[in-house]
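Subject: Structure handover

Hello,

Here is the structure for you to look at. My notes come after it.

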Amino acid sequence: MRLTPEQAEFASAVREFAETEIKPVIGDYYERGTFPVDLVRELGKLGVFGVTLPEEYGGADAGLLMLCLALEEIGRVDSSVAVTVEAAVTLGAEALSRFGTDEQRRRWLPRLAAGEGLCAFALTEPSGGTDAGHTDTRARLEDGQWVIDGAKCFITNAGTEMTDLIVATATTGPGEVSTIAVEPGTPGLEIGPEYSKVGWRASDTRPIYFDGCRVPEENLIGERGKGFAQFLDLLDHGRVALAALSTGMAQGCLDEALAHSKEREAFGKPIAENQSIAFMLADMRLRAHTARLAYLDAAEAADRGEPFGTEAAIAKLHASQAAVENAREATQIFGGYGFMNETPVARAWRDCKVLEIGEGTNEVQRMLIARSLGV
Ligand SMILES: Cc1cc2nc3c(=O)[nH]c(=O)nc-3n(C[C@H](O)[C@H](O)[C@H](O)COP(=O)(O)OP(=O)(O)OC[C@H]3O[C@@H](n4cnc5c(N)ncnc54)[C@H](O)[C@@H]3O)c2cc1C
């Protein structure tokens, strides 16, 4: 696919930022397990958080594909920062943009579009994420307020100093799931400590707890009882975005492994001159290329307003597997250095596993693809 001049220019600006601003410093944040608030703020100034959001609220209304291009470029260098953007936009801000009232959009979207604030999307619960329609968190209406009780876990962007809003699903009646916005600092909302994670160590992931947490009735996002349909729709978009991030990781691993294999010598010649290494590189190129085609196909269908759920599942499944395989082979090509945390491919190796788990596990993607085949 040939990018338009506007798309190519945006992708190139994000690549430049990733190379010059993120790459030199992210390893340090990662090792310390610290959220890179300054980097994320600077990224906001590039317009990355507003790409898909409406122009009247400070966004660019440029579509999912444009966001995906940015996520691939960021993911190529670091996926902690990329997932911060992905979760904030495709799940968080888009929940307001797609389903919120004008008043909710006016109130929250301008800061989210500018990357001054972040939005978290809280669906997963301690009792299970795959069966997301089963929501133990409850919300009841009392004196014009929603009173929320329950717990969510593994929530990205829940506790950063930039977090403006948490959009959470809750059961509001028998068989009825709804989506409700809760601002940090609301009494009865407790944001738990950061998890100690294997990967994505520079992203913010926390449990959250609601204990008689009261928010105004107007914080209901969209119609009461439509929460299930809303999060299915958001997850379709999120899967395409995660596929773009995964493609970036697959490509980044190839870039690093190719450069290393041309430089590193064994038995008097660069290791790239061994067919076993060259074939690994060829396979890595193949995976990055086909992963890119898959997410572009799904994003284009979404932007055309066509059904794209199956394409999203295919893209997410394929690109996450491409990232896992490329991270594994890149680590192999780096030899012992590949097992050292200072090496970027080691970070990718730790980060890639979660790509098979988030936005619906890869078992879920296979179920969706099988369902599209009528089985
Ligand atoms: C770093 C990180 C960030 C995250 N960020 C967010 C976030 O911002 N918001 C959010 O809401 N969630 C988030 N999650 C949660 C994530 O979406 C869930 O972990 C995921 O959906 C899986 O849910 P689970 O962990 O409860 O696993 P389970 O649902 O317990 O599944 C366990 C295993 O069983 C398999 N399984 C379950 N049911 C079936 C079935 N019917 N058929 C076949 N296999 C099945 C699954 O595929 C999986 O392999 C995040 C997770 C992580 C690790």
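Predicted model: local features only at pLDDT ≥ 70, side-chain atom pairs only at ≥ 80, totals over all residues.

Residues are numbered from 1 along each chain as its sequence is written, and side-chain values use heavy atoms, with hydrogens and water left out.

The ligand shell

There are 17 residues around the ligand. A residue counts as near if one of its heavy atoms lies within 4 Å. Thr124, Gly129, Thr130, Thr361 and Glu363 come nearest. By type, the shell holds 9 nonpolar, 7 polar and 1 charged. Here Ala, Val, Leu, Ile, Met, Phe, Trp, Tyr, Cys and Pro count as nonpolar, Asp, Glu, Lys and Arg as charged, and the others, Gly among them, as polar.

Which elements give two or more residues to the shell? They are β1 (118–122), β3 (145–156) and α10 (362–372). The largest share, 3 residues, comes from β3. Helices (H or I, at least four residues) and strands (E, at least two) are DSSP runs, numbered from the N terminus.

Domain 2 (120–225) and domain 3 (228–372) both contribute to the shell, so the ligand lies between them. The bounds come from an automatic or database domain assignment.

Polar contacts

These are pairs of N or O atoms within 3.5 Å. A backbone N or O atom of Leu123 is 2.9 Å from a ligand oxygen. A polar backbone atom of Gly129 lies 2.7 Å from an oxygen atom of the ligand. In the side chain of Thr156, an N or O atom is 2.8 Å from a ligand nitrogen.

Backbone

Two residues other than glycine have positive phi. Asp61 has phi near 50° and lies in the loop between α2 (37–45) and α3 (64–77). Asn157 has phi of about 70° and sits in the loop between β3 and β4 (163–173).

Best wishes

Note on methods
Polar contact = N/O pair within 3.5 Å; in protein donor to acceptor, adjacent residues only side chain to side chain.
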